[in-house]
Amino acid sequence: FSFFSCQDLGDDTLHLVTDMSVECWSTEHLGWIFGIAIPGIALWVVLAPLLAFAYLIQHKDRIELPHVRAQLGFLYNGYKRDLYFWEAFTLLRKFGVACLVVFLGGAVHRA
């Protein structure tokens, strides 16, 4: 999320917090956002939990089998048997909180 964290240096331009030489929303910055940040977020933060959810739904009748528990148990061991899918929602909720902190955190500091 550091690709979205910008700071005003007082000259009416926003600069990337992790590299102050990069002006936010410039061509270079947009290239990093669309080339790395958005695909990375889509792949690891959204797609991975959704695939885990889909896989658990597909194999819900076999989640108690030892080989399935060995592979996927970390996703549902802490939940009741009928709530095996809840970890996917927990991961998406954490993503939402991280988005709020990144995107609204700067607004709170400027106010």
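Predicted model: local features only at pLDDT ≥ 70, side-chain atom pairs only at ≥ 80, totals over all residues.
Local features need pLDDT of at least 70 and side-chain atom pairs count only at pLDDT 80 or more, while totals for chains, interfaces and linings use all residues. Residues are numbered from 1 along each chain as its sequence is written, and side-chain values use heavy atoms, with hydrogens and water left out.

Let's start with the sheet. Three strands form an open sheet in the order β1-β2-β3, with antiparallel pairing; strands here are DSSP runs (E, at least two residues), as are helices (H or I, at least four), numbered from the N terminus, and two strands pair if DSSP finds at least two bridges between them. At the edges sit β1 (6–8) and β3 (19–23), each pairing on one side only. Strand β2 (residues 14–16) is joined to β3 by two bridges, and Leu-16 has Asp-19 in β3 as its bridge partner.

His-29 counts as buried because its relative accessibility is 0%; the cut-off is under 20% relative accessible area, with exposed over 50% and partly exposed in between (1.4 Å probe, protein chains only). Beyond its neighbours within four places in sequence, His-29 is in contact (heavy atoms within 4.5 Å) with Phe-3, Cys-6, Leu-16, Val-22, Glu-23 and Cys-24.

On to the nonpolar cores, meaning sets of buried Ala, Val, Leu, Ile, Met, Phe, Trp, Tyr and Cys residues joined through side-chain atoms within 4.5 Å. The largest has eight residues: Leu-56, Ile-63, Val-68, Leu-72, Leu-75, Tyr-76, Tyr-84 and Phe-85. Helix α2 (residues 66–76) gives the most to this core, namely four residues. Another core, of six residues, lies apart from it and includes Ile-33, Ile-41, Phe-95 and Cys-99.
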